[in-house]
Amino acid sequence: FPPDEIWLDLKVAKSRTKQGFLFCKGQKVGSSTGSTITLRIATNVARRLGIPDICSSRFHHTRASHMAYNQRDPHQSFLWTLVRDPTARSISDFFQFHVSRQNI
């Protein structure tokens, strides 16, 4: 996938696209790790193809509906996400957003 010219710009990173490595981030599922993996894959593929920068990718915390992933070209994109056990996710969410921030 050809790189976006200014891919580090937050407006570009949160913009819609129909191609590239697309990571749908969920809350409390290891999405920061998933973002790093997405960037590493995009960089390695670009290097193998002789592209001087990074392949087109999206990896920021943005709603999937805003990114219009349903309009992507399935032949020109790779969409992926992470899934976590709902109980572990709820406990992690409670401790991060309630216990640590509100001293409950």
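1. **Basis.** The model is predicted: local features need pLDDT of at least 70, side-chain atom pairs count only at pLDDT 80 or more, and totals for chains, interfaces and linings use all residues. Residues are numbered from 1 along each chain as its sequence is written, and side-chain values use heavy atoms, with hydrogens and water left out.

2. **Overall fold.** The chain has 4 helices and 3 strands. Helices (H or I, at least four residues) and strands (E, at least two) are DSSP runs, numbered from the N terminus. Along the sequence the pattern reads α-β-α-β-α-β-α.

3. **Chain totals.** Of the 104 residues, 28% are buried, where buried means under 20% relative accessible area, exposed over 50% and partly exposed in between (1.4 Å probe, protein chains only). The accessible surface of the chain is about 7000 Å², with 55% of it on carbon and sulfur atoms. That area comes from the Shrake-Rupley method with a 1.4 Å probe; for residues, only the protein chains shown count as cover. Among contacts (heavy atoms within 4.5 Å) with a separation of 6 or more, 74% join residues 24 or more positions apart.

4. **Sheet.** The 3 strands form an open, parallel sheet in the order β2-β1-β3. β2 (57-58) and β3 (77-81) are the edge strands, each pairing on one side only. Pairing requires at least two DSSP bridges between two strands. β1 (residues 20-24) is joined to β2 by 2 bridges. L22 stands opposite R58 in β2.

5. **Helix α2 and T38.** Helix α2 (residues 31-49) lies across β1, β2 and β3 and runs at about 175 degrees to β1. Axes are lines fitted to C-alpha atoms, for helices over the stretch in contact; angles run from 0 to 180 degrees between N-to-C directions. T38 sits in this helix. T38 counts as buried because its relative accessibility is 1%. Beyond four places in sequence, T38 touches F21, F23, S57, R58, F59 and W80.

6. **Core.** The largest nonpolar core has 5 residues: F21, A42, A46, I54 and C55. Such a core is a set of buried Ala, Val, Leu, Ile, Met, Phe, Trp, Tyr and Cys residues joined through side-chain atoms within 4.5 Å. Leaving aside neighbours within four places, A42 contacts F21, I54, C55 and S57.

7. **T17.** A polar atom of the T17 side chain lies 3.3 Å from the backbone oxygen of Q19. T17 and R72 are 55 residues apart in sequence but 6.9 Å apart in space, C-alpha to C-alpha.

Key:
A polar contact is a pair of N or O atoms within 3.5 Å; within protein, one must be able to donate a hydrogen and the other to accept it, and residues adjacent in sequence count only if both atoms are side-chain atoms.
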